[in-house]
Amino acid sequence: MKQGLARQLAAGTILSSLLLVGTANAQTGNGDDILKMEKNAANVVMPTITYDNQRYSALDQINASNVAKLQVAWTFSTGVLRGHEGGPLVVGDVMYLDTPFPNAVFALDLNHEGRILWKYEPKQDPNVIPVMCCDTVNRGVAYGNGKIFLHQADTTLVALDAKTGALVWSVKTDDSAKGATGTEAPMVVKDKVYVGVSGGEFGVRGWLAAYSTSDGKQVWRGYSEGPDADLLVDPQKTTSLGKPVGADSSLKTWEGDQWKIGGGATWGWYSYDPQLNLIYYGTGNPSTWNPKQRPGDNKWSMTIFARNPDTGEAKWVYQMTPHDEWDYDGVNEMILADQEIGGQMRHLLVHFDRNGFGYTLDRATGELLVAQKYDPAVNWATKVDMDRSSATYGRPEVVTKYSTQATGEDSNTQGVCPAALGTKDEQPAAFSPDTGLFYVPTNHVCMDYEPFRVSYTAGQPYVGATLTMYPAPGGNNMGNFIAWDARTGKIEWSDPEQFSVWSGALATKGGVIFYGTLEGYLKAVDAKTGKELYKFKTPSGIIGNVMTFEHAGRQYVAVMSGVGGWAGIGLAAGLTDPHAGLGAVGGYAALNDYTSLGGSLTVFSLPPN
Amino acid sequence: MRRILRKAAVVVSALTVPAGTVYAVTDGSGDPAAVKSDDGKWADKDGNPTFKIEDDGTVGWYTYVGYLRYSSECMHCHGPDGMGSSYAPALIHSLQRLTYAEFFATVAGGKKDVSASQNLVMPAEGINKNVMCFIDDIYTYLRARSDGAIGRGRPEKHAPKPVSYEKAEDECMG
């Protein structure tokens with residue numbers, strides 16, 4: 001905060017007049033506007049499209065019978081080469097998007113095919129680049145109360161005037177010199193903006209925090225590990241699987257002070273239920289990757305949190321992977337949907353975890369309803385114990401052969417599925433209330449994992465394991481795009497993809513599901529059958545999320561290209577299977593042979609009549 | 001000529017390297033042939049760290065440690081097996097021109113190439129024990145990869161841990 005203030009003061013009088021503009025906006029806008037705006041399918045006012053994270057659009061001008069005629073309406077180059085995750089927003093006549101480091105933000109005029117209304121580019125110390133674990137990605141900006149919010153790589157949270165791009169306020173949320181970075185898209189609820197932190201591979205201590213949208217003051221901060229007061233956990237009122245968590249629920253599960261560098265980063269997507277007044281998100285891997293160096297369950301890493309957005313107090317928690325041994329971060333999105341299970345309408349939270357299980361919970365209580373593998377290749381656990389009377393209720397039944405803890409330091413645990421990048425990573429899934437199905441972009445990759453001792457130095461990688469990744473046995477495809485029934489925990493259909501599907505999906509009322517591929521294709525498939533209806537090769541591999549909006553009576557579909565991210569590390573050179581016979585070596589293509597770097601936006605529409 | 005050799009090296013590395021192969025290659029540090037050993041730490045004729053691979057494909061202990069530490073500390077930018085990523089160079093190529101001293105200086109001091117078109121930043125690893133305690137081992141591993149002496153992935157067989165290793169590791173890691 002101090003730094004932000006200093007910066008504002010230094011900028012002098014011009015800025016202070018802008019500050020006034022910002023304040024005026026803050027007073028006229030309120031959170032209820034966003035609730036109303038998200039119901040208008042012409043807009044996309046948040047990176048998750050809607051608060052429930054369904055990534056469903058009620059637009060249906062583009063539908064299963066005409067999507068084959070889709071064509072490019074206009075394109076835009078961001079001028080940045082690194083991996084482009086996330087996607088643009090549309091508020092009225094303006095599109096907002098941001099780039100990987102240096103985190104430039106653009107406002108584009110939809111009335112003039114994307115003419116630039118304003119551009120904001122922060123000055124950041126480039127030393128933050130190498131402390132970003134997996135490329136310099138940023139998953140998008142948030143809109144609220146007349147402002148655009150950006151969480152920069154160096155953990156500066158800024159509020160920009162949505163009309164002019166002028167800086168309204170800025171605040172430092174963490175310390176990038178210790179390896180804490182900003183990559184996630186913020187979320188705005190009412191008068192607060194929520195941000196988290198990346199850096200699980202640098203021993204950061206994860207947190208989620210609420211800042212006032214009007215002046216950038218921190219309202220609350222809830223850590224992933226540590227004393228109850230830091231966690232904003234009430235030992236009696238906060239529950240896990242229906243029972244109070246009790247005192248020191250986190251501290252008891254760590255040895256010594258390891259929790260202070262214990263990970264549990266919060267760089268995924270956030271969702272919000274206005275009726276229950278709860279926000280949901282997941283926490284990442286405990287640090288280090290060497291499980292021997294952190295005995296215990298390492299709570300509350302790898303956990304789904306339900307918090308009160310006003311106070312931060314945790315209503316319930318559920319730890320999916322206690323004492324992680326494989327880097328199965330729990331940060332993936334929490335999709336809120338209401339569906340009937342066992343003849344009863346339930347308020348559901350559906351989560352496709354990195355660990356390969358698709359979880360269905362009651363989002364009011366945190367009750368576990370379904371936990372099933374959403375890729376048959378998943379082998380590290382046989383199942384999740386669903387017996388309420390069991391001492392291990394809610395825990396995965398780990399297969400000893402694939403336990404890197406059991407195999408031990410300096411030994412290689414082989415054939416673990418999924419690989420550390422998970423059956424799904426951050427690329428968000430979509431839900432269609434029309435079909436009742438979830439549409440999930442997945443990875444189909446396995447690994448060998450060899451943990452070893454590592455020493456902690458602030459701001460240096462704190463990993464402690466060596467990984468070798470390769471396609472799952474029995475095929476050459478490294479990804480699948482699947483349709484999933486969260487009521488039963490079953491795959492409805494599965495479209496194989498040569499590479500991991502690292503693009504966020506979009507479901508539409510038109511009966512079409514969209515997603516991108518690492519080779520760079522935007523694909524449209526039939527929501528009922530998965531049949532491919534359309535594809536177009538964009539300038540670079542897609543790790544961004546598809547979105548749709550309406551402008552001047554026409555529906556558009558848009559996606560960012562720009563290969564990179566974790567996919568750019570593991571797949572760029574191709575993956576080899578160390579256990580395959582000689583004949584199979586070289587059978588897995590390198591992404592380098594299909595696409596090259598470059599950030600751009602491609603906007604599609606149907607041809608004018 | 002070098003390009004041809006490199007191509008040949010890649011092809012060879014995709015297969016298991018035949019036993020007893022003689023590498024008629026030089027890299028940024030010259031001839032990689034191992035001439036002397038200090039309890040399993042091999043050096044070339046100029047005293048630079050180098051690899052030694054037995055006829056049955058067994059790699060030296062320090063080449064193996066280099067693989068482990070490379071994969072933990074360097075892979076998240078430079079890609080698996082030194083092959084590069086979408087934003088950091090393939091070190092199997094870099095070591096064809098870098099000397100051991102240049103390699104050491106870059107790792108310890110870092111490197112910046114920040115311009116309008118790219119933002120390449122390598123951190124200074126000089127105080128990172130997980131790197132600096134194993135810098136020669138990482139170099140040895142990458143040199144072997146660069147010269148095509150070993151293929152991709154985890155070396156299948158390695159020499160046993162030398163008696164002096166653990167004490168040295170403890171002293172350096174603290």
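A residue is called buried here if 20 or more other C-beta atoms lie within 10 Å of its own, exposed if 12 or fewer, and partly exposed in between, with C-beta atoms placed from the backbone. The model is predicted, so local features need pLDDT of at least 70 and side-chain atom pairs count only at pLDDT 80 or more, while totals for chains, interfaces and linings use all residues. Residues are numbered from 1 along each chain as its sequence is written, and chains are lettered from A and ligands numbered from 1 in the order in which they are written.

**View 1. A:Asn145 in its loop.** Look between strand 7 (142-144) and strand 8 (147-151) of chain A for this residue; strands are DSSP runs of E, at least two residues, numbered from the N terminus. A:Asn145 is not a glycine, yet its phi is positive, about 55 degrees. It counts as buried because it has 26 C-beta neighbours inside 10 Å.

**View 2. The loop with A:Trp300 and A:Met302.** This loop of chain A runs between strand 18 (278-282) and strand 19 (303-307). A cis peptide bond leads from A:Lys299 to A:Trp300, with omega near -5 degrees. A:Met302 is found in the loop too, and shows a positive phi of about 55 degrees without being a glycine. With 30 other C-beta atoms within 10 Å, A:Met302 is buried.

**View 3. An open sheet in chain A.** Its 4 strands follow the order 3-4-5-6 with antiparallel pairing, where a pair requires at least two DSSP bridges. Strand 3 (89-91) and strand 6 (115-120) form the edges. Between strand 3 and strand 4 (residues 94-98) there are 3 bridges, and A:Val91 has A:Val94 as its bridge partner.
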